[in-house]
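Thank you all for coming; I would like to walk you through one model this morning, going from one part to the next. Please have the structure open while I talk.

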Amino acid sequence: MCHSFLTDANFYRLLLQIDESLAEEVRARGCDCGGRLHSARYPRKPRGIRSALDASYASRLSFCCAQDGCRRRHTPASVRFLGRKVYLSVIVVLITALQHGLTERRRRRLIEELDVPPQTLWRWRHWWREQFVQSRCWRALAGQLIPPLATDHLPGSLLERLRARILSERLVELLVLLSPVTTATGSLGVGPDPQTM
Ligand SMILES: [Zn+2]
């Protein structure tokens, strides 16, 4: 693998820890109705990288209100899963970011190694250009970027703007910034709920 962190179990453990702390905030807040939240995870089958993932990657953290008559679903933001896309967020972000920056050869190799079909790549590009740029998450983020960032090279242009020296650290930083888009409120106005995307 040309990016060694992609096969490093510690990298995925770090992402899991971030997801767990995002989830803990949601759980501690409870439901608007005053009800307690119970765990109700979504099953996931991430494609591309298996060996470095533990069992925690077979589900996305989510909760359901325990109150009868409410039972509202509360799904915390995630740095691991971008909606129901079958590839992990880090793969979607990395491959689409490499398109505008690092070498094309490396990108090709990664696509081959992960066996990502061309239609999937097309859908990802389309998502960044058409849907992500309309999301609340992006609008909030864009407002803080000085100088403003051109949207046609997302997410690569955003990745380049981040400070961390090592690519894997910059990716984690980027995934945290993007995580609101994985919630219903952060993605609002972009069509389908990310849970059914
Ligand atoms: Zn409730």
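**Helix, rings and metal**

Let me begin with helix 7, whose buried residues are Leu167, Ser168, Arg170, Leu171, Val172, Leu174, Leu175 and Leu178. Please keep in mind throughout that this is a predicted model. As for what covers those buried residues of helix 7, the list includes helix 1 (9–29), helix 2 (89–98), helix 4 (118–131), helix 5 (136–142) and helix 6 (156–161).

I turn now to the aromatic residues, where a search of the whole structure finds nine aromatic pairs. One of them joins Tyr12 and Tyr57 in an edge-to-face arrangement, with 5.8 Å from centre to centre and 90° between the planes. Because Tyr12 belongs to helix 1 while Tyr57 sits in the loop between strand 2 (42–43) and strand 3 (59–60), this pair ties together parts that are 45 residues apart in sequence. Are these two residues buried or exposed? Tyr12 counts as buried, at 1% relative accessibility, and Tyr57 is buried as well, with a relative accessible area of 3%.

A further edge-to-face pair is formed by Trp128 and Phe132, at 5.0 Å centre to centre and with 75° between the planes; here Trp128 is buried at 2% relative accessibility, and Phe132 is buried at 1%. Coming back to Tyr12 and Tyr57, they form one aromatic cluster together with Phe5, Phe11 and Phe81. Tyr57 also has Arg80 lying over its face, at 4.6 Å from the ring centre, and elsewhere the charged end of Arg73 sits over the ring of Tyr42, 4.3 Å from its centre.

Finally, the metal site. Which atoms coordinate the zinc ion? They are the SG atoms of Cys31, Cys33, Cys65 and Cys70, at 2.2 to 2.3 Å, and along the chain these donors follow the spacing C-x1-C-x31-C-x4-C. The arrangement is tetrahedral because the four donor atoms subtend angles of 102 to 113° around the zinc ion, which lie between the limits of 85 and 135 degrees required for that label. As to accessibility, Cys65 is buried, with a relative accessible area of 1%, whereas Cys70 is partly exposed, at 29%.

Conventions: Residues are numbered from 1 along each chain as its sequence is written. This is a predicted model: local features need pLDDT of at least 70, side-chain atom pairs count only at pLDDT 80 or more; totals for chains, interfaces and linings use all residues. Side-chain values use heavy atoms; hydrogens and water are left out. Donors are N, O and S atoms within 2.8 Å of the metal (3.2 Å for Na, K and Ca); water is not among the atoms, so sites may look incomplete. Four donors count as tetrahedral if all angles lie between 85 and 135 degrees; four count as square planar and six as octahedral if opposite donors are over 155 degrees apart and all others between 65 and 115; anything else is irregular. Buried means under 20% relative accessible area, exposed over 50%, partly exposed in between (1.4 Å probe, protein chains only). Helices (H or I, at least four residues) and strands (E, at least two) are DSSP runs, numbered from the N terminus. Contact means heavy atoms within 4.5 Å. Rings of Phe, Tyr and Trp (its six-membered ring) pair if their centres lie within 6.5 Å; planes under 30 degrees apart count as stacked, over 60 as edge-to-face and the rest as tilted. A charge sits over a ring if NZ of Lys or CZ of Arg is within 6 Å of the ring centre and within 35 degrees of the ring normal.
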